Amino acid sequence: MRMAVYHHPARRTWGRRGGERAGPDMAAQVGPRLRYRPCRCRAQAPREEDPQPRPRHTSWRVEESAAVWKSKTRVWTSFDSVNDRDQGEGGEGGIGTLLRSLFLPSGYPDAVRQDFQGWLAWHLASLFNRDVLQVLSSQALLVAVSRSSATASSVVDSLGLTVEVAAATQWVLKDAPGSLATLAVGSRGGQNFDEDPKRWWVVTSAVEDAARLVEVLLPLHPGWFLPGAALANVLRSGALVGRQSLVNGTILRHFALRENLGDIRAKLEAQGRILAIAALPVGIGLFRWTQGLATVSDASGNEAVSPAGLAHASAVYGTLFLSKNYFCYRAAKALRFDNLNANRLVLAARSYVKTGEAPTPSEVADLEGVYAPRGRQLDRVRFGASFEGLREAAGSALDELIEAHEGEGYLLAARGRGREAGVLVCVKGGCSDEDVAKAALQGEILAARREGGGEGEALIESRCLEEATSALGDFLARLEAAGWSLRVVRGAWNTVEVTKLL
């Protein structure tokens, strides 16, 4: 980074050549066409309204981001401070600056959220293990298809074609069921992915690993190549829909602090290519080693499975599977989402009802966890309940309940007692984010009052609506002050339309 300090003296005249002062020899230096004369202006006396004279010198500090690497079409820049004596006239940075510019988003770390660094380290570790497993499974599929004698081979042989064509036919057929899995998961799982991204990211990653495991085991039973490969393709295709939607959509959008989603995505793609190249020799070496352990030649010269070698190979693959899922779990745990879904909103409202303060996104992330059970938290205040369930919970007081919530974006009723106690929230079609927050607050107030007891059910419900209405403004203000975005992620909720008939 180049830094310059410019001085502006009050009684000096500057020449035309980049800050040179006019002097008696200036005319000889620049030629006869330029004439310089000494400045005859005098320093002005301070005005009457000025309490003190103005300073004679004014200094400005200018910091410039120097280009550290250039191509014909792009320039990568960095705002790191560098020594002018080491970088020379061109302002070239060191290798560290170059690597940061190539593999990290522009303006890092200020251009991304604070949890990006912790997430990235664990994500890259899981990505490397995933690339190694992909190399292993690809080699296993090729070995299995070369040894297989499945139905496709007999069909092609009956047509008078070669065995190579039979293997190619099986290779194509194994991908057909994956399209159906992509269609099913993509059409049914989108809203669930947005509502609970950390859990679904870890789950889809584990399902993808299960598909890799099926592929790795196929060389032991090559006759099952076609059904085994088809099953693995179904699992992997469905898992990739969720994994790619979450990583490239929900998670990266969370990190894009300056609307730089494309830049972050491109840098992660560059990092992934480097890891894929590094994983290639590792995967090839592991596959050859484990294949040598698992198979031996018997007395007749045929290949047989070695139990001891198979145990060692299973230990190697198991270590890869477990470490990859552990790294993915730690990456998900490092995420600190600041948007509100049903679970985070209920946790925040519960903390506000108990303490009068709104928790921070980091505090809620620790409570939310990754594998923590959601059922008990969501059953306490359940959003998206069906109208039939709400009608059964309200009983004969349904008309009064609908009238009390006429101006609200939801209907709310208590259900059950004891361990089955909870609050049902039936969301109306035009429900706003503020209405969802109010429903969570009212539901937590109602649940707390019911646990305390001492009043009639109808009196408790009417007072809870009044308390939620009066406390809503303070609750939203404290949420925003704690660092929350007041946008609410909607899940796959049922919605109702309530119309008043005259």
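Mentor: We take the nonpolar cores, then the cavities. Keep in mind that this is a predicted model.

Trainee: What should I know about nonpolar side chains in general?

Mentor: In soluble globular proteins, they tend to be buried together. Here, the largest nonpolar core holds 40 residues. Those touching the most other members are Leu345, Phe383, Val425, Val436, Leu446, Phe475 and Leu479.

Trainee: Which elements give two or more residues to this core?

Mentor: Three are helices: α13 (342–355), α18 (433–452) and α19 (457–481). The others are the strands β7 (381–383), β8 (410–415) and β9 (422–428). The most comes from α19, which gives nine residues.

Trainee: Take leucine 446. What is it in contact with, leaving aside neighbours within four places in sequence?

Mentor: Leu446 is in contact with Leu412, Ala414, Val423, Ile460, Glu461 and Cys464. Another core lies apart from the largest one. That other core has 23 residues, including Tyr108, Phe116, Leu252 and Phe255.

Trainee: Now the cavities. How is empty space found?

Mentor: Rolling a probe the size of a water molecule over the atoms shows where empty space is left. In this structure, the search finds two cavities of 30 Å³ or more. The largest cavity contains about 40 Å³ of space.

Trainee: Which residues line the largest cavity?

Mentor: The lining is His123, Ser126, Leu127, Arg130, Trp201, Ser205, Arg243, Lys324 and Cys328. Two or more residues come from each of α4 (116–147), α9 (197–217) and α12 (307–333). The largest share, four residues, belongs to α4.

Key. Residues numbered from 1 in each chain as written. Predicted model: local features only at pLDDT ≥ 70, side-chain atom pairs only at ≥ 80, totals over all residues. Heavy atoms only, no water. Core = buried A, V, L, I, M, F, W, Y, C linked by side-chain atoms within 4.5 Å. Buried < 20%, exposed > 50% of the residue type's maximum accessible area, 1.4 Å probe, protein only. Contact = heavy atoms within 4.5 Å. 1 Å grid on protein atoms, 1.4 Å probe; cavity = no way out; pocket = protein on both sides within 12 Å on 5 of 7 lines; lining within 4 Å. Points joined across faces, edges and corners; volume = space filled by probe spheres on them.
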